[in-house]
Amino acid sequence: MKKIESVYGFRLTGKVLLLAVFFALYSAGMNGEISEEKSIEVRKRLKMLNKPAVKSIKSEDGDMIDCVDIYRQPAFDHPAMENHTIQMEPSDESPTLEPSKNTSESATTVISQVWHKSGSCPKGTIPIRRVRKEDLLGAGSLESYGRKNPYVPDTTHKKINEKRLEHFPEVNRSVTYLITQGYSYIGARGDINVWNPSLESQDEYSSAQIWLRNGLPQNYESVESGWVVNPKVYGDMQTRLFAYWTADSSTKTGCFDLTCSGFVQTSHEIALGASIDPVSSRFGNQYKISIYLYQDSNTGNWWLQFGERINIGYWPARLFSLLTHSALYVMWGGEVYSSKIKTSPHTTTQMGSGYYAEGLFGSGCFINNIRIRDYSMSLKFPDWIASASEEVYCYHATIYRPGYLSEPNFYFGGPGRNPSCP
Ligand SMILES: *[C@@H]1O[C@H](CO)[C@@H](O)[C@H](O)[C@H]1NC(C)=O
Ligand SMILES: *[C@@H]1O[C@H](CO)[C@@H](O)[C@H](O)[C@H]1NC(C)=O
């Protein structure tokens with residue numbers, strides 16, 4: 001057994017706490033009645049987000065899934081998409097995944113979605129999770145619905161600068177990740193263990209995901225996918241499959257799933273934003289999802305593949321400039337968004353399973369079968385990896401080899417606030 005770990009700590013600020021209190025009071029005052037003006041705006045926005053359905057499916061998890069004509073999906077709201085012909089299939093052959101060398105740690109792959117029990121979408125349509133009025137009203141502002149707050153480098157904290165790793169912590173975010181860099185990446189995959197971490201409040205989120213990025217910290221381009229608990233977007237605390245993109249560190253561009261004009265969906269089987277069921281339990285059954293993000297070498301589009309087989313769709317090359325070429329680095333891991341991080345009292349929002357990474361299989365949240373794709377076109381384990389945790393007393397990172405010949409798996413997560421993370 002071999003274990004490598006690199007972790008970093010940061011000091012706290014009181015300023016963030018004051019802001020949090022202010023925000024709590026502010027939003028309490030906002031929850032009353034909504035003005036006539038706002039309700040007109042809300043209706044307008046809902047009409048734009050929810051396209052006319054060929055068929056609607058009521059899912060037992062509370063979602064409504066609309067089967068929408070593939071050429072009427074939100075991507076076509078953008079004027080530049082007027083004459084866009086949907087690329088129905090990736091043009092490259094998908095490389096086959098060499099069998100993993102992990103033997104003892106097996107988890108069941110989840111590929112079906114809860115709404116499948118209640119029906120299916122016909123070919124020529126795509127399933128879209130319907131946005132409800134409550135989802136929009138919970139977003140803070142209509143403009144920010146479906147979007148992440150900007151990634152702002154927090155220069156008041158120590159910069160992570162170890163070997164080839166250079167990273168500024170970001171405001172209101174705590175991340176724990178495995179990273180690779182040094183080449184041009186045109187794909188990355190991983191099997192992500194699925195859990196349902198608890199959140200302290202409605203304006204936070206907790207994700208387990210893969211990021212492919214290019215650009216400077218203040219202005220980077222990113223395509224991302226994995227699972228997330230994000231009540232501000234989905235209105236509840238279920239664990240959901242998500243896709244996210246931005247071309248400017250989330251300042252002005254980008255959104256989750258199909259909540260803006262961006263991602264072009266081709267699959268009539270998988271709905272982005274749908275809940276994942278079942279989720280893993282401690283010392284019980286383990287479940288995972290397979291996520292593969294890769295660039296089509298002919299079109300430059302970034303495809304999202306789910307469960308080793310289903311191409312959900314793609315982000316058109318036109319959304320990006322640097323990522324049109326390739327990604328500069330890839331990250332696998334977890335992110336907690338909260339205004340109560342790097343401060344005390346810390347948020348009790350959990351990352352991953354809510355248990356420390358060191359609990360390993362059955363307790364810690366893992367990402368395994370980690371692969372990258374470079375211009376050699378094969379899928380391989382990255383040559384160089386490092387791991388980091390911004391708040392080492394709250395959320396942990398562990399690279400772990402189950403056996404001498406096994407490839408490393410990445411474990412991450414933790415409980416948030418606890419006696420060593422007050
Ligand atoms: C789409 O095609 C029409 C007809 O050829 C053309 O007039 C229009 O400018 C095109 N739109 C875009 C966004 O390229
Ligand atoms: C951080 O959180 C505070 C309080 O909720 C908020 O006012 C601020 O806009 C957030 N900043 C970012 C970059 O998310």
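A residue counts as buried when its relative accessible area is under 20%, as exposed when that area is over 50%, and as partly exposed in between (1.4 Å probe, protein chains only). By that rule, buried residues make up 56% of the 422 residues in this chain. Welcome to a predicted model, in which local features need pLDDT of at least 70 and side-chain atom pairs count only at pLDDT 80 or more, while totals for chains, interfaces and linings use all residues; side-chain values use heavy atoms, with hydrogens and water left out. Residues are numbered from 1 along each chain as its sequence is written, with chains lettered from A and ligands numbered from 1 in the order in which they are written.

**The chain as a whole**

- The chain holds 4 helices and 23 strands; helices (H or I, at least four residues) and strands (E, at least two) are DSSP runs, numbered from the N terminus.
- Among contacts in the chain with a separation of 6 or more, 74% come from residues 24 or more positions apart; contact means heavy atoms within 4.5 Å.
- About 17,700 Å² of the chain is accessible surface, and carbon and sulfur atoms supply 54% of that; accessible areas come from the Shrake-Rupley method with a 1.4 Å probe, and for residues only the protein chains shown count as cover.

- Strand 10 (residues 205–216) and strand 18 (residues 327–337) run antiparallel and are joined by 9 bridges, and tryptophan 211 has methionine 331 in strand 18 as its bridge partner.
- Strand 8 (residues 173–185) pairs with strand 21 in the antiparallel sense over 4 bridges, and leucine 178 stands opposite serine 387 of strand 21.
- Strand 21 (residues 386–389) is covered on both faces: Ala386 and Ala388 on one side are buried, as are Ser387 and Ser389 on the other.

**Serine 174, in strand 8**

- Serine 174 sits in strand 8 and counts as buried because its relative accessibility is 0%.
- Its side chain makes a polar contact with the side chain of glutamate 391 at 2.6 Å; a polar contact is a pair of N or O atoms within 3.5 Å, where within protein one must be able to donate a hydrogen and the other to accept it, and residues adjacent in sequence count only if both atoms are side-chain atoms.
- Leaving aside neighbours within four places in sequence, serine 174 is in contact with residues including Gly334, Val336, Met351 and Tyr395.

- Strand 3 (residues 64–69) pairs with strand 5 in the antiparallel sense over 5 bridges, and valine 68 has isoleucine 126 in strand 5 as its bridge partner.

**Serine 261, in a loop**

- Serine 261 lies in the loop between strand 13 (255–256) and strand 14 (264–265), and is buried, with a relative accessible area of 18%.
- The serine 261 side chain reaches the backbone oxygen of alanine 75 at 2.8 Å, and one of its polar atoms lies 3.4 Å from the backbone nitrogen of histidine 78.
- Apart from neighbours within four places in sequence, the contacts of serine 261 are Pro74, Ala75, Asp77, His78, Trp245 and Arg318.

**The two ligands**

- Ligand 1 has Pro79, Glu82 and Asn83 around it; a residue is near a molecule or strand if one of its heavy atoms lies within 4 Å of it.
- A nitrogen atom of ligand 1 is 3.3 Å from an N or O atom in the side chain of glutamate 82, while an oxygen atom of ligand 1 lies 2.3 Å from a polar side-chain atom of asparagine 83.
- Ligand 1 exposes 370 Å² when taken alone, and the protein buries 31% of that.
- Around ligand 2 there are 8 residues, of which Asn149, Pro150, Asn172, Tyr337 and Ser339 come nearest.
- Oxygen atoms of ligand 2 lie 2.2 Å from a polar side-chain atom of asparagine 172 and 2.7 Å from one of tyrosine 337.
- Ligand 2 exposes 360 Å² when taken alone, and the protein buries 71% of that.

Note on methods: Pairing = 2+ DSSP bridges.
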